[in-house]
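Student: Hi! Could you walk me through a structure today?
Tutor: Happy to, let's look at it together.

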Amino acid sequence: MKKYIFILGIPLFFIVSYLVLDHILYDGVKSKSIDEYGFQAEYFALDTTKNKPAIVLIGGGYSGEYWADQFARQGFVGLSLPYIGSDGLPKLPEEIALEYFETALNWLRNQPEVNPNKIIVMGASRNAEATLVIAASFPELISGAIAYAPSSVSWSNTVLPYNSDKIKPSWTYGGQGIPYVPMDKITGGSSEELDVLAYWHSGLKKNKYLETASIKVEKINGPVLLFSGKNDSVWPSAEMANRIEQRLDAKNFTFSVQNIQYENAGHLISRNPENDDDTSERMGKMTLNGKQHTYHFGGTQEGDNFAKKDAKIKVFAFLENL
């Protein structure tokens, strides 16, 4: 009998120990998984937070959860919102229905921790493209946007080599495609190293499509914060940030616009500001037609790390001034 009591006591000991340790380590921020309202997300807020600005991290994932947690620790609300990849979501980033984000935004507005008039969307790279498209599409739901390494236009699905071969819109609404710049899939050729900047610059020269494909950022109902590295070698984010600013100026945008660009920084400026090592890899890899190619992220590790830290300070200053 004592033997059985001992055996049964082992799992009970670990359960109690876990609960005690969890209570000791609990710092007030725990994510809540959402998967029952037509979207998937991780929701972060302090127990004491009420009627505060919320930031939606478009794309979710590790980066989204890092930022959502950081925002919650400062008394804001963070929602890390993936839209591809996991069960129940599209497998590829093409023909993504903006209604998915609309559903999440409407749910978020009704949470007691959230001020429904102060919801910001944030993303990096192609998620920054999505961020600006979403903010421009739902001005009644969104009060501003933060975009790292942004795009000034909506691109076709074919800019990503693992997407389907047929040209499609990346984003849709009401069953209709958001206008885009059509692109042939990038090809590697005989060179091992890719010149991806040349690829994107070729798209930005397609004047026939640029006006309709340009993101209607002037419709954003709040301030806009843009970050880019002047030496971004993945795509011309600084140039596209300038195009965004020029469009807003031409359209007499009434909210503040910050177009912050960093010397010696590349495409990695949105990575974890507290981890200097996650910018140590200076080259990316891409497999095209069965052959692996490399490409530069641009900038230097020191430049990226400075930009990450400085940008984080500016993000929180932006939020404090909402």
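Student: Which residue in S4 stands opposite Glu42?
Tutor: Ser80 stands opposite Glu42. A quick note: this is a predicted model, where local features need pLDDT of at least 70, side-chain atom pairs count only at pLDDT 80 or more, and totals for chains, interfaces and linings use all residues. Residues are numbered from 1 along each chain as its sequence is written, and side-chain values use heavy atoms, with hydrogens and water left out.

Student: How many bridges join S2 to S4?
Tutor: Three, between residues 41-46 and residues 77-81, and the two strands run antiparallel. Strands are DSSP runs (E, at least two residues), helices are H or I runs of at least four, and both are numbered from the N terminus. Two strands pair if DSSP finds at least two bridges between them.

Student: What's the strand order in the sheet?
Tutor: S1-S2-S4-S3-S6-S7-S10-S11, an open sheet of eight strands with mixed pairing. At the edges are S1 (29-34) and S11 (257-262), each pairing on one side only.

Student: Which helix touches S10 and S11?
Tutor: Helix H7 (residues 237-250) packs on the sheet there, with contact meaning heavy atoms within 4.5 Å. The direction of H7 makes about 160° with that of S11. Axes are lines fitted to C-alpha atoms, for helices over the stretch in contact, and angles run from 0 to 180 degrees between N-to-C directions.

Student: New topic: is Asp310 buried or exposed?
Tutor: Asp310 is buried, because its relative accessible area is 17%; buried means under 20%, exposed over 50%, partly exposed in between (1.4 Å probe, protein chains only).

Student: Where does Asp310 sit?
Tutor: In helix H8 (residues 301-320).
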